[in-house]
Amino acid sequence: MKILVVGGAGYIGSHCVRQIVEAGHEPVVLDNLVFGHRKAVEPSVLFYEGDLGDEAFVRPVLENESIDIVMHFAAYASVGESVKEPLKYYLNNVAATIHLLNAMKQAGVNKFIFSSTCATFGVPQSLPIVETLPQAPINPYGQSKLDVELILKSLACAEDFRFATFRYFNAAGAAEDGSIGEDHTPELHLIPIAIDAATGKRDSLKIFGTDYETPDGTCLRDYVHVDDLARAHIAAFEKLDQPGTQLFLNLGTGKPYSVKEVIQAVEKASGQKIPIEIDLRRAGDPPALYADSTLAKETLGWEVKFTELDDIVATAWKWHSTHPNGFED
Ligand code: UFG
């Protein structure tokens, strides 16, 4: 099969591109390289540089390449930034996605895999988070992803449109061979920031809030390895052959770790003490998010390979310690 990977030069997209090749399918990458990195994708993979919201650009790619499935990873994904710049999030994550879907409709492509998020649940009514819980995002990032989830449902009511929506928990880690990994500018995520503080690239790490109602007062998250996330996408291909497929699946390990535990894991991997500062809570942060991924297991046979935070952080450390300047190295 031929898969258009929108955002295929980004963090999760690039790991997925590799697995598409390993599974014997053909990826075609579309990325505007605003946040993606050309070096994250093998030169042998067909690459179109451009914008997903540009229908006149996307439609011929879909048609000329005879694309079977579109995977969409290209979104802004920083909770704190979304609170400060909501329009940026709605324009890119919602409006541009509508253009992508419209280009697909024009080109007659009806299979879609969408990257959603646990942030669509807001402060969940209960933990771990099952798919049936009400979705009530508390930040524009989560809302933008929920908006697209609803658009996908509407489209599937109107025509033969099939989709799998994955609600990622906290994507983490890097390829086991250390060749590709996370490289965001600016970096806002906890594990790479902790690594930068361990290596001295940053002076310190700020902990956003130590007064949450959690065992050690810091937020709990479910850190899931990026290659485990990618595996779920490949497993969904077969399902999309069936008319009427509409999947909404939570992808996490099910194990919560606090910010302080993440810092300890990075200290262990790096052998360095991380200088920390205590800061105020960050707007838009729920206290605890962790997954019940039973449905993904039942539906796709999906199980995580990386069950332990230490093992996930070790892969992140391997990537960052050998590529201190990310893909510039
Ligand atoms: N944190 C700090 N200091 C930092 C950075 C983060 O204390 O310098 C804390 C945050 O407050 C949060 C935890 O570390 O409690 C994880 O923060 P990240 O920014 O790494 O990740 P988020 O949980 O905010 O966001 C991630 C993904 C989103 C996803 C979201 C769901 O990046 O795509 O999880 O909450 F939607």
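Phe112, Phe114, Phe161, Phe163 and Phe248 come together as one aromatic cluster. By pairing I mean rings of Phe, Tyr and Trp (for Trp, the six-membered ring) whose centres lie within 6.5 Å; planes under 30 degrees apart are called stacked, over 60 edge-to-face, and the rest tilted. Before I go on, a word on where this comes from: it's a predicted model, where local features need pLDDT of at least 70, side-chain atom pairs count only at pLDDT 80 or more, and totals for chains, interfaces and linings use all residues. Residues are numbered from 1 along each chain as its sequence is written, and side-chain values use heavy atoms, with hydrogens and water left out.

Okay, back to the rings. How many aromatic pairs does a search of the whole structure find? Eight. One of them is phenylalanine 161 with phenylalanine 163, a tilted pair at 6.0 Å centre to centre, with 35° between the planes. Phenylalanine 161 has a relative accessible area of 5%, so it's buried; that word means under 20% relative accessible area, with exposed being over 50% and partly exposed in between, using a 1.4 Å probe and protein chains only. Phenylalanine 163 is buried too, at 0%. Then there's tryptophan 319 and phenylalanine 327: their ring centres are 4.8 Å apart and the planes sit at 45°, so that pair is tilted. Both of those residues, tryptophan 319 and phenylalanine 327, are buried.

Rings meet charges here as well. The charged end of arginine 38 sits over the ring of phenylalanine 47, 4.2 Å from its centre, and arginine 281 does this with tyrosine 212 at 4.0 Å. "Over" here means NZ of Lys or CZ of Arg within 6 Å of the ring centre and within 35 degrees of the ring normal.

Now, the ligand. There are 22 residues around it, and Thr117, Tyr141, Lys206, Arg282 and Asp285 come nearest; to be near, a residue needs a heavy atom within 4 Å. Which atoms reach its oxygens? A polar side-chain atom of arginine 282 lies 2.6 Å from a ligand oxygen, and a polar backbone atom of leucine 190 is 2.8 Å from one. On its own the ligand has 680 Å² of accessible area, and the protein covers 93% of that; those areas are Shrake-Rupley values with a 1.4 Å probe.

What kinds of residues make up the shell around the ligand? They divide into 15 nonpolar, three polar and four charged. Here Ala, Val, Leu, Ile, Met, Phe, Trp, Tyr, Cys and Pro are nonpolar, Asp, Glu, Lys and Arg are charged, and the others, Gly among them, are polar. The largest share of the shell, four residues, comes from β8. Helices (H or I, at least four residues) and strands (E, at least two) are DSSP runs, numbered from the N terminus.

Next, helix α7, residues 226-236. Nine of its 11 residues are buried, so the helix is largely enclosed by the rest of the structure. Among them are Val226, Asp227, Asp228 and His233.

A cis peptide bond joins leucine 127 and proline 128, with omega about -10°, and proline 128 is in the loop between β5 and α5. Another cis bond links threonine 185 to proline 186, omega about -5°; that proline 186 lies in the loop between β7 and α6. Leucine 33 isn't a glycine, yet its phi is positive, about 60°. Leucine 33 sits in the loop between β2 and β3, and at 24% relative accessibility it counts as partly exposed.

Notes
Polar contact = N/O pair within 3.5 Å; in protein donor to acceptor, adjacent residues only side chain to side chain.
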